[in-house]
Amino acid sequence: MKAFERGKRSHQSSYKLLKNQGLPLLCSQKTMLIPNASKWCLEELVKFINCKEEREQKVIPIFYHVDPSEVRNQREIYKIAFSRHEKNADEEKRGKIRRWKTAMREAGKLAGYDVKVDSYESEIIQDIIKEICGTIPMVLDVDEKIVGMDSRLEKLVSRLEIQSNGVRMVGVCGLGGIGKTTIITALYNKISNQFRSTSFLTNVREESTKDSGLLKFQQQLLDDTLGVKGQLTLKKIHEGVKEIKDKLSSKKVLVFVDDIDDSRRLEHLVGKHSWFGYGSRIIITRRKKDLLKAHEVDYIYEVDKLNEVKALQLFCSYAFRQCLPGKGYGDLSIQGVRYADRLPLALKVLGSLLFRKGVKDWKSELKKLQEVPNMEITNVLKISYDGLDHTQNMIFLDFACFFKGAHVEIVTQVLDGSGFKAESGINALVDRCLITISTNKKIEMHDSLAQMDKEIVYKECPNESGERSRLWKHEDVCRVLTINTGCFLMISAHQNMR
């Protein structure tokens with residue numbers, strides 16, 4: 001809590017600051033009722049208590065050389081001081097005095113620190129610091145080079161409806177590497193000071209594959225929101241579910257569950273709205289929309305790729321450590337952004353790869369990427385692909401090799417004629433954000449995803465194109481037809497499907 005210098009800050013501006021601070025610290029002492037200072041101090045006291053009641057902010061009172069009962073019951077010097085204020089007071093001032101008295105009475109009821117004349121003040125100060133550090137939400141690290149964040153945060157905050165009293169769950173979905181974790185981390189830093197109890201669960205997919213990992217996240221959720229680390233130990237998942245429901249059902253909390261891919265794990269962490277108290281907000285990130293829909297979240301925010309201007313700005317911030325391309329690198333930078341297809345992770349990785357390299361090296365690297373994809377980008381994108389079943393896998397490879405940009409109705413007819421359940425497969429790919437269907441019914445896919453799929457087909461038999469399941473390059477098709485190799489062949493012939 002920042003100190004207010006009397007006469008230098010209006011009550012309105014101090015109230016605005018109070019609302020934005022995570023923890024008001026109130027010090028009550030006899031000198032606050034000295035006539036020259038008391039009016040200002042009492043008005044500030046009213047603001048403190050208003051913040052506590054309206055926004056559920058925690059207030060820590062410090063009773064410095066004064067008995068809390070004197071403050072609560074307004075005896076001794078407090079009684080005398082209020083009598084002086086009431087003398088010759090008009091009705092307006094009497095209304096103010098009533099508010100002062102009420103605020104002081106409420107402050108006297110709060111549990112705080114009673115600093116007596118013979119107290120060891122240094123020890124009390126350490127206790128206060130410890131409590132403040134344990135109460136103020138942590139600030140998470142966010143990449144300083146992020147761009148296009150303000151509009152995304154504004155939309156998410158509006159969908160959270162923080163001022164409403166109900167419990168609200170919001171899902172954030174999108175392709176791997178598109179920035180879901182970065183967005184919710186920035187969101188946490190923006191709104192966490194409006195909640196007394198917060199928890200941010202990260203890498204849930206990777207670290208909860210076994211029951212021990214899921215139990216760890218249940219434990220963290222309770223430790224974070226209750227502030228009882230080391231006091232409550234969970235041994236079974238069903239025990240964790242019960243404790244979460246029992247302990248948090250009457251508590252306003254802010255919970256982030258980042259990167260979860262299993263409905264069972266989600267049910268055991270943030271199962272239902274009724275598990276949490278009024279005003280709680282639960283944010284869940286997921287690559288697939290279907291899990292979020294099944295969990296009945298109140299709103300799903302699908303993260304889009306950056307627009308061309310923002311994508312170039314992000315790319316340049318890594319490639320040149322500035323927001324614009326270096327001299328002589330304009331066309332090459334645009335080429336790099338097109339390769340990354342405006343995917344934030346790809347822009348970051350590619351920009352870092354090209355940092356401090358000359359024009360010749362840039363041309364060489366970009367040419368190589370057209371043939372051999374960057375593995376750091378591919379490994380992130382491949383996570384969504386690995387979760388597909390056999391039929392979805394086959395359809396996805398067909399889309400990458402043949403049908404990117406084709407009309408969805410024509411493609412559906414082709415796939416149905418080949419024995420695939422096209423509609424079900426296409427819906428699954430859309431849910432996983434692996435493809436999108438444009439307004440004119442064309443199939444769209446991230447260039448990096450298409451390149452990844454083609455690399456998968458290529459690795460089926462790197463040395464003999466006739467042994468691969470799909471051929472899309474003109475020279476490969478001609479070679480196979482000329483020398484009559486290959487026991488199975490699907491040739492790209494989608495030019496008339498657009």
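Among contacts (heavy atoms within 4.5 Å) between residues at least 6 apart in sequence, 72% join residues at least 24 apart. The model is predicted: local features need pLDDT of at least 70, side-chain atom pairs count only at pLDDT 80 or more, and totals for chains, interfaces and linings use all residues. Residues are numbered from 1 along each chain as its sequence is written, and side-chain values use heavy atoms, with hydrogens and water left out.

The chain has 23 helices and 10 strands, taken as DSSP runs numbered from the N terminus (helices H or I, at least four residues; strands E, at least two). Of its 498 residues, 48% count as buried, where buried means under 20% relative accessible area, exposed over 50% and partly exposed in between (1.4 Å probe, protein chains only).

**Nonpolar cores**

A nonpolar core is a set of buried Ala, Val, Leu, Ile, Met, Phe, Trp, Tyr and Cys residues joined through side-chain atoms within 4.5 Å. The largest one holds 107 residues, and those touching the most other members are Val257, Val270, Phe276, Ile284, Phe315, Phe396 and Phe399. Helix α19 supplies the largest share of this core, nine residues. A second, separate core has 15 residues, including Leu45, Val66, Phe82 and Ile97.

**Helices discussed here**

| Helix | Residues |
|---|---|
| α14 | 308–319 |
| α19 | 390–403 |
| α21 | 422–431 |
| α23 | 474–483 |

Leu314 lies in α14 and is buried, with a relative accessible area of 7%. Its C-alpha atom is separated by 9.0 Å from that of Gly148, 166 residues away along the chain.

The axes of α19 and α21 come within 9 Å and cross at roughly 75°; axes are lines fitted to C-alpha atoms, for helices over the stretch in contact, with angles from 0 to 180 degrees between N-to-C directions. The two helices are therefore roughly perpendicular, a term for angles of 65 to 115 degrees. Gln392, Ile395, Phe396 and Phe399 in α19 meet Ala422, Gly425, Ile426, Ala428 and Leu429 in α21. This contact comprises seven nonpolar, two polar and no charged residues.

In α23, the buried residues are Asp476, Val477 and Val480. They lie on the same side of the helix because they cover an arc of only 100° around its axis, the arc being that of the directions from the axis to the C-beta atoms. The face turned away from this side carries the exposed residues His474, Glu475 and Thr482.

Technical notes. Angles under 35 degrees count as roughly parallel, over 145 as roughly antiparallel, 65 to 115 as roughly perpendicular and the rest as oblique. Ala, Val, Leu, Ile, Met, Phe, Trp, Tyr, Cys and Pro count as nonpolar, Asp, Glu, Lys and Arg as charged, and the others, Gly among them, as polar.
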